[in-house]
Amino acid sequence: MTTLMFILGIVVFAVGLLVSIAWHELGHLSTAKLFGIRVPQYMVGFGPTIWSRHKGETEYGIKAVPLGGYIRMIGMFPPDDAGRVSARSTSPWRGMIEDARSAAYEELKPGDETRMFYTRKPWKRVIVMFAGPFMNLILAVGLFLTVLMGFGVQQETNTVSSVSACVIAQSQNRDDCKKSDPASPAAAAGIKAGDKIVSFDGRPTAKWNTLSDLIRDSAGRNVPIVVERDGKKVTLHATIATNQVAKKDASGTYVQGQYVTAGFLGFSPARGVVKLGFGDSVVWMGDQVGHAVESLVDLPGKVPALWNAAFGDGPREPDSPMGIVGAARVTGEIATLDIPASQQVAMAVFVVAGFNLSLFLFNMLPLLPLDGGHIAGALWESLRRQVARVLRRPDPGPFDVAKLMPVAYVVAGIFVCFTVLVLIADVVNPVRIS
């Protein structure tokens with residue numbers, strides 16, 4: 001049964017992956033057609049075509065390797081300075097440029113002269129290239145909202161899980177109490193496991209972060225605490241101690257291995273499934289975008305540890321980069337967890353939502369062959385045309401993005417190497433969940 005559920009989890013992720021890719025390419029396709037650009041192909045996957053169908057002037061299909069997708073637009077690159085599109089140079093770097101330019105014209109038909117991608121105004125090209133990643137962002141937001149507001153997420157609550165016996169720094173084992181250590185304020189006040197703290201010093205505490213901040217800001221003060229116990233409200237009093245507690249960032253997340261001096265009550269909160277309102281969900285998603293951007297910036301620095309995990313005896317860090325294989329495996333493990341089915345669904349949807357958020361951010365990097373590289377090229381063209389207009393100089397014409405193809409091949413090569421490294425790590429030393 002466990003194996004069956006594991007396979008089912010992988011299938012769920014695979015379906016989510018295909019939908020995400022198709023959704024991304026639909027953004028490019030719809031906006032390209034909106035602006036009159038001819039699109040001969042819309043494909044999900046790479047490699048041999050396993051199914052396709054022509055509708056109008058576009059062939060829609062699915063290919064054998066579901067690791068991406070594409071649409072083919074006529075005239076992605078302008079002709080060279082001499083107006084040629086198929087001349088071939090013996091220079092390998094120049095050859096890359098000319099190969100790309102020739103590929104952009106290989107399906108040119110009579111009447112396409114005014115329907116080529118490069119002939120559209122820069123702002124239209126920006127919209128066409130941005131539409132793909134934007135569709136992933138829309139899907140990520142929709143999935144996140146569905147989970148946060150519909151299913152709820154595991155969070156720390158204001159219900160007491162356990163009470164510390166003494167005042168001891170959070171960096172130490174809570175069982176290391178000595179006779180000389182003073183009793184924790186929670187224990188001295190009579191707080192018990194199972195109590196739900198409903199107010200602190202006269203202020204309602206519906207959220208854990210609110211209660212945590214109030215405790216930290218009340219060092220040395222004697223405060224009334226109202227708890228709900230066995231269906232009744234009980235008022236207790238505690239003198240908040242000063243202690244070394246885990247540092248929190250602006251979003252309320254604990255910073256691993258860092259501590260600050262602040263107020264200390266002395267209990268561990270229970271975790272539970274909490275449904276968020278729309279406002280809290282937006283804040284939560286904003287925090288996730290920030291963390292995702294930081295992870296993207298830190299990606300090069302994680303390569304040595306990833307290499308160690310793949311080819312050495314190094315551990316696989318929980319925040320280590322994961323590829324499609326790793327994400328599929330995690331989704332499979334989620335399906336085998338001993339948790340309610342609703343939470344299994346929620347966690348699986350979270351993985352797909354996170355994948356779409358990563359697709360959006362990654363594709364927005366201003367590098368070819370990514371969508372962000374084409375966007376950067378269109379913006380540069382617009383800028384230099386505006387400058388020429390202001391300076392009353394001749395129109396410089398379209399910016400030849402094909403000249404950047406050597407850089408695109410280098411970027412693609414680095415990406416392929418990184419993808420292979422992540423794949424090996426995902427197979428031999430995968431990220432595991434509990």
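**Exercise 1.** Locate valine 15 and decide whether it is buried, partly exposed or exposed.

Valine 15 belongs to helix α1, which covers residues 2-34, a helix being a DSSP run (H or I) of at least four residues, numbered from the N terminus. The model is predicted, so local features need pLDDT of at least 70 and side-chain atom pairs count only at pLDDT 80 or more, while totals for chains, interfaces and linings use all residues. Residues are numbered from 1 along each chain as its sequence is written, and side-chain values use heavy atoms, with hydrogens and water left out. Since buried means under 20% relative accessible area, exposed over 50% and partly exposed in between (1.4 Å probe, protein chains only), the next step is to look up the value: valine 15, at 47%, is partly exposed.

**Exercise 2.** Find which residues outside its sequence neighbourhood proline 369 touches.

Begin with the position of proline 369, which is in the loop between α9 (341-363) and α10 (371-390). Then, setting aside neighbours within four places in sequence, its contacts are His374, Ala408, Val411 and Ala412, where contact means heavy atoms within 4.5 Å.

**Exercise 3.** Classify the ring pair of phenylalanine 144 and phenylalanine 350.

Rings of Phe, Tyr and Trp (its six-membered ring) pair if their centres lie within 6.5 Å, and planes under 30 degrees apart count as stacked, over 60 as edge-to-face and the rest as tilted. The structure holds twelve such aromatic pairs. In this one the centres are 5.4 Å apart and the planes stand at 90°, so the pair is edge-to-face.

How values were computed. Helices (H or I, at least four residues) and strands (E, at least two) are DSSP runs, numbered from the N terminus.
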